[in-house]
Amino acid sequence: MPEKERESKALKQLEESNAVRVWLMRGVVGFLGLIFLGGIAWGANDLLSRESPQPPAEPLHESILDPPKTSTEILSYLNEAIRFAKEERPKYNAETVFTFPGIEEDSPAEGEGLTVTGSHAEKIKTAFRLAAPELEEYLSGTVQKQETEYGGDFVPYLLPVNAGATDFSELRCEFIYYRCEACGKEEGEPQEVCPDCRAENAYKIAYRDNYTITLVFAPDNAASKAMFPPRSAEEVAALLGDEVYDRFQARGITTSTDQITVVATVNRESKKLLALHYQKKLHVGLGLAGKAALEPLGAFDLEFNLLEEIKNDFTWPAVHISERERTMGRNESAMLSVRLDAPEGAEVVWKSSDEKIVTVDQQGYIKTGKEFGEAQVSATILVNGREYTDACAISVRIPAEKIKLSHRKLSLAPEERAQLEAVISPAKATNQTVTWHTEDPAIATVDKKGLVTAHSPGTVTVYALAQDGYYRASCVITVKGAEAWHEKNRLSLSSGWSARRKIPPRS
Ligand SMILES: [Zn+2]
């Protein structure tokens, strides 16, 4: 009989109605809810409070090219980011999510996260597995979501982590990755052959905007035990109360914390803490026996993993202008819009760095004047006495639209030179700057003014690039071999000779 069919039949046998499943679920839920959610003290300690009690003297904004490397550096970096967040008070929200890893029916490790022994083990396993999504949702729903607005004090809601470098078995700060240039696939390590597109040696190093800092507590660590105190079976039994014990008789309870991980996301440039997640993996052993109506279930033991994730997320005040740069003609107007991450009613202050070039009103309406040039239009908000700004670069000019070269093709002998002319249109375009490039300087080089010098035989493309708009035009240069060169010289000699021959008048 197929697995699925057998399970559904077993479930049917377990109880025609859902009663047993519901009671089982409620029993387990009641148990879990009390054991894992009760009694966690909320506090306001700093991570690493043991190791660096004083705020660091260095400025918060350090070079993004100098990432923290050693365990101590990584911890102190994270600590600084947390302190910075406490100072600037971004918007905060926290939620807790529970999952049973490895017990969902369609997960690859199906059933691995759950062991049931005793009579009716398969039926109970099936019931538990089917109840898992509801259980996850229920458990997640029992934890109140916490949030504070911009400028609010979220510190009382942050779970205290009071630990030093030696409490962790693993400290990582990641921001480098590898990207397949052919298809864009991202990997932690460069692959010789891309698993997606089969491109060879196509992986190039790339950098993320954020650091992902991962701290894994050492097993049986005192600091992690202080954070997540294990409960005694007596305590649990007292917490469970009558509702569960009306239906089940507890035969034994064990809990252990397999792994506690802290995962933080920090913007590399601004050192803004974006996320601080705690992940607790718990292993639970539970012995139960059905009572009264559930007596036919008999005695059984459950063993399963439960992952609890406390997600603290931060949104920083920010102004985002709709565009980064804009090219305009003289005496033109336009509207800039902004998106705000800010408290309700926050006022945007618009400003121009040069009113002769462009003016801006307090709605973001911009107007250029008679002069050509560049200016910055900025939008600023004030949140908790701190300014947050974004800017748009306004360029008043006649933009380039096209670039053309005097030649599309040229044939040269080694050491021969030729001048290329680039023409930008419209002729009145403000920026007439052109840069020159050669594909292969061994065949031919090109100088800053477009003077080409041929070197060795071959074919090469020379480009002219308009600085404004990056328009491109090209000329294919063919450099002939030495024979061709001699041929050319002989031809010119012979044509000279034939010219002389033509001189004598016919009679
Ligand atoms: Zn690829």
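The expected span of a helix is 1.5 Å times one less than its number of residues. Helices (H or I, at least four residues) and strands (E, at least two) are DSSP runs, numbered from the N terminus.

**View 1. Helix α3 from end to end.** The model shown is predicted: local features need pLDDT of at least 70, side-chain atom pairs count only at pLDDT 80 or more, and totals for chains, interfaces and linings use all residues. Numbering runs from 1 along each chain as its sequence is written. Helix α3 covers residues 71–88, and its 18 residues should span 26 Å at 1.5 Å a residue; the end C-alpha atoms are 26 Å apart, so the two agree.

View 2. Among the buried residues of α3 are Ile74, Leu75, Tyr77 and Leu78 (buried: 20 or more other C-beta atoms within 10 Å of the residue's own, with C-beta atoms placed from the backbone). Glu80 and Glu88 are on the buried list too. These buried residues pack against β4 (168–180), β6 (203–217), β7 (248–267), β8, β9 and β18 (386–396).

**View 3. Strand β9 and its partners.** Strands count as paired if DSSP finds at least two bridges between them. β9 (residues 299–315) runs antiparallel to β1 (residues 91–99) over nine bridges, and here Phe98 sits opposite Glu308. With β2 (residues 114–118), β9 makes five antiparallel bridges; look for Thr115 opposite Glu303. β8 (residues 273–290) pairs with β9 over 15 bridges, again antiparallel, and Val284 faces Phe304 across the pair.

Technical notes
A residue is buried if 20 or more other C-beta atoms lie within 10 Å of its own, exposed if 12 or fewer, and partly exposed in between; C-beta atoms are placed from the backbone. Two residues are in contact if their C-beta atoms, placed from the backbone, lie within 7 Å.
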